[in-house]
Amino acid sequence: MKRVGTVLAVIVLIGLCAFSCVIGPLGQQWVVQPHIQMAAEMVPIGSVKVPNTLIGLLIADLVLIGLFLAGTRHIRAGRPEAMVPRGLQNLVETIYEFLTNFLRGILGERAEKMLPLLITFFLFILVANWIELFPGFDTVGVIEHVHKGEGHAVRQVGPLLFLTHEKGEYMLVPFLRAANTDLNVPLALALISVFMTQVYGVQALGWGYFSRFINIKALTSGGFMGVMNFLVGLLETLSEFTKIISFGFRLFGNIFAGMVLLLVISSLVPFVAPVVFYILELFVGAVQALVFMMLTAAFTAVATAGHGEHH
Amino acid sequence: MEISKEVMKLLAAALAIGLGAIGPGIGIGLVGLGGAQATGRNPEASGTILTNMILAIAFAEAVAIYALVVALILLFVA
């Protein structure tokens, strides 16, 4: 019975793929070419205009806050049934335990102080990335006159307006868009990450932490190696700034490219094929969240290790 | 056909990200090779290897990100 089910599933999948390959090119004449824009679109809500990535960000926040408030409600109320976790509490505890063990493995004893920040980074970026994959993101919105470039014609079906493939002067301003497809959000996260690295460094090593960057002691101790160490310090200073750029653009680039990929694939082959890329984007979203958290953890580990300990 | 400024911009952006992705691509491939080999030789250390591998990938990827930044600047700012 099990085998029959598998065979059926495979046949259905192949059939859908074949159907998609036939219908896909035919469908192109009905499918709207996506309008891709790097900056967030401004959605008119009442009299104010709100960036749609801000709405995506707030939804991600609400999902996270709601999940954890609901998951920890027995613990916070101090009820005895919290000792035997059930349902949502199980999920929340699993997430928390997995992440804390993972980070303690990297950072050791220093992990405790940084756990809140690092886990927040991971969960926020994960939810903000995955939320993009829900239906309605990038596709439902208000129709506006196009600002520049080519637009599409519109067609009315009942109370709803649809863009058509014909050329016209309208474009879609979606209500929802993933937060990390707006460069401001990843850059803000990158700034927080790099700033907090300095804070943890100072906490661990005192003001001597900054001798990593401007190493006057090495310069005055003289010798060729002293001058070299001073120059290395200047290089370290520069690398703090490139960190901000690479943190920010790594996240932005991956998620923005994912959004463009999904839009383009959905307009090339509207059936079945996008599913594969949705799975890919699930993976990319998780990996980027993990990379952001782990890079922050690794940089803090370097910053708190102390310059003198190696010698 | 005369090559306009617009066409040159598109070409430059495409070349910037296309050529800039070659090196990091090779680099990430090498990191993956090293990670897979290390895990094969010492499966118990797979956790540490994964951590170091992702870190090394991130550093290799940073180069591609600079190319991406250049391409985006060419497309949207220049």
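The questions below take the overall chain and then the helix contacts.

This is a predicted model, in which local features need pLDDT of at least 70, side-chain atom pairs count only at pLDDT 80 or more, and totals for chains, interfaces and linings use all residues. Residues are numbered from 1 along each chain as its sequence is written, while chains are lettered from A and ligands numbered from 1 in the order in which they are written.

User: What is the radius of gyration of chain A?
Analyst: Chain A has nine helices and six strands (DSSP runs numbered from the N terminus: helices H or I of at least four residues, strands E of at least two). For 311 residues the globule rule gives 19 Å, and chain A is well over that, so it is more spread out than a compact globule. The rule is 2.2 Å times the number of residues to the power 0.38, and the radius is taken over C-alpha atoms. The radius of gyration of chain A is 25 Å.

User: What percentage of the residues of chain A count as buried?
Analyst: A residue is buried if 20 or more other C-beta atoms, placed from the backbone, lie within 10 Å of its own; 12 or fewer makes it exposed, and in between it is partly exposed. Of the 311 residues of chain A, the buried share is 24%.

User: At what angle do the axes of α2(A) and α4(A) cross?
Analyst: Axes are lines fitted to C-alpha atoms, for helices over the stretch in contact, and angles run from 0 to 180 degrees between N-to-C directions. Helix α2 (residues 52–71) and helix α4 (residues 88–107) of chain A have axes that come within 8 Å. The two are therefore roughly perpendicular (65 to 115 degrees; under 35 is roughly parallel, over 145 roughly antiparallel, the rest oblique). The crossing angle is roughly 110°.

User: Which residues of α3(B) meet α8(A)?
Analyst: The axes of α8 (residues 223–268) of chain A and α3 (residues 46–76) of chain B come within 9 Å and cross at roughly 75°. Contact requires C-beta atoms, placed from the backbone, within 7 Å. On the α8(A) side are A:I245, A:S246, A:F249, A:R250 and A:G253; facing them in α3(B) are B:E61, B:A62, B:I65, B:L68 and B:V69.

User: How many residues of chain A are in contact with chain B?
Analyst: Chain B contributes eleven residues to this contact, and chain A contributes 13.

Definitions and conventions. Contact = placed C-beta atoms within 7 Å.
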